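Me: I would like to go through this structure with you, one topic at a time. Could you take my questions as they come?

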Amino acid sequence: MSKIGLVLNREYTTRVRKKSFIIMTLLMPALMAAMMIVPGYLMTRDDTKERTIAVYDGSSILLGQLESNDYTKYKFIPEEKYNRVKDHLKTSDFYALLVIQPNVLNTKTVQLISTSNIPFDLKNQIQNKIRSVIEKEKMAEVIKQSGIPDLEAQIKATKSSISVNTIKLGESGEAKKSSTEIGMALGYIFGFVIYMFIILYGMMVMQGVMEEKQSRIVEVIISSVKPFELMMGKIVGIALVGLTQLAIWIVLGVVIFSSAKGLIPGAQHATTAQDIMAQSGAMAQANTPEQLDKMQDILGMLGSVNFPLIIGCFIFFFIGGYMLYSSLFAAVGSAVDSQEDAQQFTLPIMMPIILAIMVMMSAIKNPEGPVAFWFSMIPFTSPVVMMARIPFGVPAWQLILSMVLLILTFVGMVWVAGKIYRTGILMYGKKTSWKELGKWLTYRS
Amino acid sequence: MDLFSAQEVTKTYSNFKALSEVSISVPEGTVFGLLGPNGAGKTTLIRIINQITAPDSGTIWFEGRKMKEDDIYRIGYLPEERGLYKKMKVGEQALYLGMLKGLSRRDAMRELKMWFEKFEIITWWDKKVMELSKGMQQKVQFICTVLHKPKLMIFDEPFTGFDPINVELMKQEILRMKKEGATIIFSTHNMESVEELCDHIALIDKSKKILDGPTMNIREQYKSNIFDIGYKGDFAKIEQAFGKKYSILAHDETGRTNSLKIQFLNGSNSGTLLKDLVEHVEIVFFNELIPSMNEVFIKVVTQNSNSQS
């Protein structure tokens, strides 16, 4: 057993000390954050191009009603100038020409003429402005005709917004405020993390096995340790690399999360320097009272999620799924001589896991459905699909059945992989077929 | 006493017989040559000794008892197909391999320092393996094989990739370790080094052992009564006198002394040959030609395939 320890130690330390690992581990959260923040930032950023739009209002309804904002100016022009501009838009100083026909109240259509492509935002802006002016105009007309004095205020009072608070009754009857959105988000995140780690680290196992085979060090090593010990040492060592990376990400995540929580007034006072530093960033995003409310709400609902269960299941399915797939990847790595040969075997292995991520997408929408149920029982897809269901709550018997099936399958798979591995690592120059792999299972050690 | 022996070992892979009832005995403190053409089954036998594979039938003995699992820590194995982790540092890797063979970190470190200083390669310690040349890597592999002072060392083609100076260095090390009590199984196609190093040999061909014994005895056994003779005098006289008794294989009169190769036929021996010669010419030298291992190898393997076909 101490030999497994030595192998494991080598697999772990050589990988964790790699520059690429350290950079990846520290950079990934930053990249993830950037991926979420940058598009949002770009979208909210104002269009800073200065434009002047000529407006010819044939109906006179909008005259003087289109307010210019910082970058877009509206200039109303009389008819004779309109005729000139219409023909020479290209050479004029105007970016575009907005034409409002006299019968706009009926046609509900205006024309925006430009020599260049109109940005989507600008078009929306104009549309909204005209719409609100026309709505106001129409309403004024209705109010005038009805003769009811405070009709305008009454109509305003009918405007209302609804939010649905979902409550989930626990088995013991206690009511918890839950959120479908948060369940979906958590399910998606956990399922995806498992998917990513299985592929990433499973491939790493395969590469490691192939490296040993190609560099021909494997015969020296298996004259000291049993092939099975070498394989297990590698699989477990690499799993620890993955868990280390995950642990670092969780710690970083918790630090960021708790400093974000500290920003919300009343939730917790920002005390550390880090919190204060983060404050300026978060405040820029949550600067209205409604947004603050919402954030507080989300944080409150996150608190209602059963994190110990989710984290526990996550670790279990992470390890189970990883063991199942990485032992398959190890077997493939041992059976082939080159990267190209590996292709034909990796594809069938990847298929169920890709299927799992596809099923997961529908499982987070309908976590109790038959598709979600069956795929969270099948061991090849259960790590991903079950993780997507757990935040919504899964009956204990289903969880236990799924776990037992996964354990049985991965133990069987490790055994099969060990047999293939033992023969494969010493086979060179032979193109391996599926039939050949089957034959290796029957070889005596 | 035999340090190691294999008794009627048989190994079959699906429908291919790799070894059939092969028995060898390796006396303690000797160098044992394991010879045979490519694909004869040598590597399979070596893998069985290293417990990489198990025989279908037959017994392996080590130090007079059946071989145990732990015995692999007392064996050092340098395979023909060998390599190192390319991206790992030399020292770290040697340490790892030493510890896999059961050495503690401290012992492995001490032994490694000793070897690295002896071979004057201490500056390689922190280099990555891929920065070393093939010959340099071989040196590191050699050290890793003998680091844990195994009782039995198995070298499969240990000299390929070395320059002549390093080949000599390795040979001296092997002979020194033998003197210190190590037993060595040596597999190679280089018959000159077999003659130089091996006390015993076994020849395996087509999964069967076809020849074994002390190297000198085997060469004696395959000698064919050929003598190399240097003389002064007239070749015609010899030719005339010898008639049917001897056959003259070659003669050369261009050198300082004339020479010829003679094989004697039935009813004669070195005594009668000498007597017959002295009567006609003055003898400068008289040598019995013993076949080289190379000749023995070719002869035995060719005979074996002829007898089977």
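**Burial, cores and helices**

Reply: To begin with chain A, 28% of its 445 residues count as buried. Please note that the model is predicted.

Me: How many helices and strands are there in chain A?
Reply: Chain A contains 17 helices and six strands.

Me: And what share of its contacts joins residues at least 24 apart?
Reply: Among contacts in chain A between residues at least 6 apart in sequence, the share is 68%.

Me: What are the ipTM and pTM scores?
Reply: The ipTM is 0.83 and the pTM is 0.75.

Me: What is the mean pLDDT of chain B, and which of its elements have the lowest and highest values?
Reply: The mean pLDDT of chain B is 89, with 98% of its residues at 70 or more. Where pLDDT is low, the predicted coordinates should not be read in detail.

Me: Turning to the largest nonpolar core, which residues touch the most other members?
Reply: They are A:Ala330, A:Val385, A:Met387 and B:Ile154, in a core of 129 residues. Helix H12 (residues 307-335) of chain A supplies the largest share of this core, with 14 residues. Apart from this core lies another, of 13 residues, including A:Phe94, A:Ala96, A:Leu122 and A:Ile126.

Me: What is A:Val385 in contact with, leaving aside its neighbours within four places in sequence?
Reply: A:Val385 is then in contact with A:Gly191, A:Ala356, A:Val359, A:Met360, A:Ala363, A:Ala372, A:Phe375 and A:Ser376.

Me: How many residues does each chain give to the contact between A and B?
Reply: Chain A gives 17 residues and chain B gives 20 residues. On the side of chain A that touches chain B, helix H1 (2-16) and helix H8 (218-221) of chain A are the elements that give two or more residues. H1(A) gives the most, with four residues.

Me: Now chain B. Which residues of H10(B) are buried, and what covers them?
Reply: The buried residues of H10(B) are B:Met293, B:Val296 and B:Phe297. Their arc around the axis is only 100 degrees, which puts them on the same side of H10(B). What covers them includes strand S3 (31-35), helix H6 (191-197) and helix H7 (215-221) of chain B.

Me: And which exposed residues sit on the face turned away from the buried side of H10(B)?
Reply: That face carries the exposed residues B:Thr302, B:Gln303, B:Ser305 and B:Asn306.

Me: How many residues of helix H1 of chain B are buried?
Reply: Helix H1 (residues 42-49) of chain B is mostly covered, with eight of its eight residues buried. Among them are B:Lys42, B:Arg47 and B:Ile49. H1(B) is followed by B:Gln51, which has a positive phi near 60 degrees.

Me: Where is B:Glu21, and what is its phi?
Reply: B:Glu21 is in strand S2 (residues 16-27) of chain B. Its phi is near 50 degrees, a positive value in a residue other than glycine. B:Glu21 counts as partly exposed because 13 other C-beta atoms lie within 10 Å.

Me: And B:Glu157, where is that?
Reply: B:Glu157 is in the loop between S7 and helix H5 (164-179) of chain B. Phi of B:Glu157 is also positive, near 45 degrees. With 16 other C-beta atoms within 10 Å, B:Glu157 is partly exposed.

Me: Last one: why does A:Leu246 count as partly exposed?
Reply: A:Leu246, in helix H9 (residues 227-261) of chain A, counts as partly exposed because it has 16 C-beta neighbours inside 10 Å, whereas a buried residue needs 20 or more.

Definitions and conventions:
Residues numbered from 1 in each chain as written. Chains lettered and ligands numbered in written order. Predicted model: local features only at pLDDT ≥ 70, side-chain atom pairs only at ≥ 80, totals over all residues. pLDDT = per-residue confidence, 0-100. Core = buried A, V, L, I, M, F, W, Y, C linked by C-beta atoms within 7 Å. Buried ≥ 20, exposed ≤ 12 C-beta atoms within 10 Å, placed from the backbone. Contact = placed C-beta atoms within 7 Å. Arc of directions from axis to C-beta.
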